[in-house]
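Colleague: I am new to this structure and would like a short tour. Could we go through it together?

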Amino acid sequence: MTTNYIGQPVKRKEDNRFLTGKGRYTDDIKLPGMAFAAFARSPYAHAKINSIDTSQAANAPGVLAVYTGSDECGNFGVPCGWLVHFKNGEPMKEPPHPLLAVGKARHVGENVAVVIAESLQEARDAAELIEVDYEELSVVTDPRQAVQEGAPLVHDDAPNNTVYDWEIGNPKEEVDAAMDGAHHITKLDFKNQRLAPNAIEPRSYIADYDVNADKYTLYTSTQNPHLIRLLMCAFVLGIPEHKVRVVSYDVGGGFGSKIYHYTEEALLTWASKKIGRPIKWTSDRTEAFYTDAHGRDYCTTAEMGFDADGKILALRVHSEANLGAYLSTFSTCCPTYLHGTLAQGCYTTPLINIDITAAFTNTNPVDAYRGAGRPEMTYILEHLMDTAALEMGIDPAELRFKNFIPPFDGVNQEGYQTQVALQYDSGNYEGTLRRALEMVNYENFRQEQAAARENGKLLGIGFSTYIEGCGIAPSAVVGSLGARAGLYEVGHVRVQPTGKVSVFTGSHSHGQGHETAFAQFVADHLGISMDDVEIHHGDTDQVAFGMGTYGSRSLAVGGSAIVKSLDKIIEKGAKIAAHKLEAAEGDLEFANGQYTVKGTDKSIAFGDVALTAYVPHDYPEGLEPGLDFSSFYDPANFTYPFGAHICVVEVDQDTGKVDIRRFIAVDDVGNVINPMIVDGQIHGGVVQGLGQALLEGVSYDENGQMITGSYMDYAMPRADDVPFIETDRTVTPCPHNPLGVKGAGEAGAIGATPALVNAVMDAIAHIGIRDIQMPLTPERVWRAMQA
Amino acid sequence: MEINLSVNGSQVARDVTPMTTLSDFLREHLSLTGTHIGCDTSSCGACTVTMDGKAVKSCTVLAVQANGSEIITIEGLSENGSLHPVQEAFKEHHGLQCGFCTPGMVMTAVDILQNNPNPTEQEIRHGLEGNFCRCTGYHNIVKSVQHAAQSLNA
């Protein structure tokens, strides 16, 4: 049949189950004989554990077992997935991260003991009976303070709490010299504050050891089930991978926080064998604030040097990045290879030096959070750009047009080699900004702004022209940079005898709509109905292998792996079709679900070829039966989506409250399979970005106590905090993957934050305020205006 | 304590402890796992159901308080296998992504439209204020509620 699904806003296949309460989230699963776990957690940010008395808990009603770091499980620790080296070539500091605290606790909420009981209530009650003799130690929570001489040491074997120092770009002396010769330097101190990702589904795990099969099953709310299995089997528990099944059916959001192989996953798996029962643990929200990986948390000083015409001469950035008390799975690559490498932005900056020091502190581990390093760098670049425009008296849009890398498609023009290692695939940065300026009606806005100011109304406009790197690859390159895993993906296509198609992907949907978007391009490739395609993911016993979903990689990497298998199927099908049609294979063409002998009306339908493959009575000699292929796809490069975001705000002069009047997002994510889903990703990302700019922030007091540990204290955007997001797109296909797609998951969160902050600064620029640290709460804005 | 109540049109009688919340009762006693729990401070709204026609956060209602009442959960909203107009609008306008907040959002939207059949955008946003969504940026949820209002009024 003739199909045209690609590019259409096809309604999602998965929605009916979610809309009728039939989603399959981990906490919805009940297993026969299931026991429940509860944790005793450290109430101190930093404390020596002198002793733990579990006797009362062990004798409490319903209790099956109590474990502490003194038990066997204290010998196991979760690994970090990315090795970064110090500037002097030494490997980063990588102290053990035990499943339960051993010797001392290093952040509030760290697991100290676990109780397993017949019911959740019994487990929780017994956990409160555990008596721990703590000896409080001095605390450090700020990364800039942590690396100072004499700061409290989080790990004895990490001097100055330094995980690593790291540098990328041009030699510092060259950058310094260019800065010295600059006509104008814009310098700002930044705090990319700590955020709690806050997927609305709390983390949930069920471990189930089957003694007869000697097999473990772990149901987990993860973004990457195969990665969890690999890490847990090979690097934590030392159990055989073929005896472990990891399942994550429906997952209620992740945003990076469910990449991390958490200690509870391995601990429950180990304990399930110990007690011979399935064990469930579901985090409550308070536990989520105290134990989920956080995001961001960089202290930065950055300078941009310009010539008299506004051309950027050099960029110099120094940051301390807070990685928390332990290294999470991907924390170490966020401030380095996902951050420093994006410092070119969309601009022709000839000299760049990025210098990062990563610190241990007495806080939650930090990991990837929507954008993972790229929003932080985009905030630095784009906030510097608008500030520089203001300082130099150049229009902020004009300043960007002066500095954009000219358009290149990666086919007729080469990719753009940056000063910070990466080579961009294709881009048209001025194109997205021109479109966004049209949408906002920029010239009119400046007149409106001037008129409003006359009447005491503070309107402001802010810009952000971002680039990001998605689908991080290829494996050989990331391996040379320290990644301890490959970053390919697996796509398995099984054509059933009746011509229906089952697809197994190693990527994972936790809201992105794989079951729909993947089915769209599969159906188009084979010329069949989408109803005849079923997408499977999230079960390591079903899917051969996979690396999961993060870094906007699902379609660009996972989709491309499926396309490779589809190509193999169409090629093998051609051999069967040629045999049936008594034609040479080279004379056939495949289109609209039919193999046709070119220039004739002789054809055979795909479904008939599939049936022949499985009932091979009249069949090509020497050809294997079946129509079933699996492929690994390892991309040639990252993909580089980009875009222009413009925010218009009104600031209340009396209260400092920021009202977002308009938000315009023009994004270029390459080719688009389902525009409805892409727009949805942009909306959600933008609002998370606006959340950072306006509302959110994890705070610790001087004792390392989190003072934002609930939804009553941590402000996240609600429906009446934000307007409708006005979206549009340009399309610059990715030249190096078969679908031409780049990824859309993080774009919104990367672009939005600086646009809003810049808009507020523009609104109050006439008062002479240069900067306010995020989040721009009414109090902070009001105080700044009073100064 | 024995409680008797109507859940999605069926009479149920169960013995519960006094501290059992309505959300735990629905999920654990009745296996109605469409009602989700996203926080412990009555802030996220994922657990929203209707009790005697009014939206309540079932994590902060005790099961014993629901004695004698009529509860509708997300599982009881569609009739004869066809989606309720609010569910239909969420599907049509991509008002959900991961689906976790969705049951609470839909139940809240039903309540908003019962009380105000022609809400403005700001009234919808205000009405949804007790429900967190981290995926959609609320854009398509608000659109879904606007379209649901139209189809319910048609």
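Colleague: How many residues of chain B are in contact with chain A?

Modeller: This is a predicted model. In it, 49 residues of chain B are in contact with 52 residues of chain A.

Colleague: What area do chain B and chain A bury between them?

Modeller: The two chains bury about 4,300 Å² between them, and 57% of that area is on carbon and sulfur atoms.

Colleague: Which residues in chain B lose the most area to chain A?

Modeller: They are Lys91(B), Phe132(B) and Arg134(B), which together account for 21% of what the chain B side buries.

Colleague: Let us turn to chain A. How many helices and strands does its secondary structure come to?

Modeller: Chain A has 19 helices and 28 strands. Its radius of gyration is 27 Å, close to the 28 Å that the globule rule gives for 787 residues, so chain A is as compact as a globular protein of that length. Along the principal axes, its C-alpha trace spans about 85 × 75 × 50 Å.

Colleague: And what percentage of its residues count as buried?

Modeller: Of the 787 residues in chain A, 66% count as buried. The accessible surface of the chain comes to about 25,900 Å², with 48% of it belonging to carbon and sulfur atoms.

Colleague: What about charges: how many positive and negative side chains does chain A have?

Modeller: Chain A carries 62 positive and 102 negative side chains, and the centres of these two sets lie 2 Å apart.

Colleague: A change of topic, to the backbone. Which residues does a cis peptide bond join in chain A?

Modeller: One such bond joins Ala473(A) and Pro474(A), with omega at about -10°. Pro474(A) is in the loop between β18 (458-467) and α13 (475-480). The bond from Met774(A) to Pro775(A) is also cis, with omega near -5°, and Pro775(A) belongs to the loop between α18 (747-763) and α19 (778-786).

Colleague: Which residue other than glycine has a positive phi near 50°?

Modeller: That is Asn592(A), in the loop between β22 (588-591) and β23 (594-597) of chain A.

Colleague: And where in chain B does His94(B) lie?

Modeller: His94(B) is in the loop between α2 (85-92) and α3 (102-115). Its phi is near 55°, again a positive value in a residue other than glycine.

Colleague: Is His94(B) buried or exposed?

Modeller: His94(B) counts as buried because its relative accessibility is 1%, and buried means under 20%. Asn592(A), at 41% relative accessibility, counts as partly exposed.

Conventions:
Residues are numbered from 1 along each chain as its sequence is written. Chains are lettered from A and ligands numbered from 1 in the order in which they are written. This is a predicted model: local features need pLDDT of at least 70, side-chain atom pairs count only at pLDDT 80 or more; totals for chains, interfaces and linings use all residues. Side-chain values use heavy atoms; hydrogens and water are left out. Helices (H or I, at least four residues) and strands (E, at least two) are DSSP runs, numbered from the N terminus. The radius of gyration is taken over C-alpha atoms; the globule rule is 2.2 Å times the number of residues to the power 0.38. Buried means under 20% relative accessible area, exposed over 50%, partly exposed in between (1.4 Å probe, protein chains only). Accessible areas come from the Shrake-Rupley method with a 1.4 Å probe; for residues, only the protein chains shown count as cover. Lys and Arg count as positive and Asp and Glu as negative; His and the chain ends are not counted. The place of a charge is taken as NZ of Lys, CZ of Arg, CG of Asp or CD of Glu. Contact means heavy atoms within 4.5 Å. Buried area is the accessible area (1.4 Å probe) that two parts lose on being put together, summed over both.
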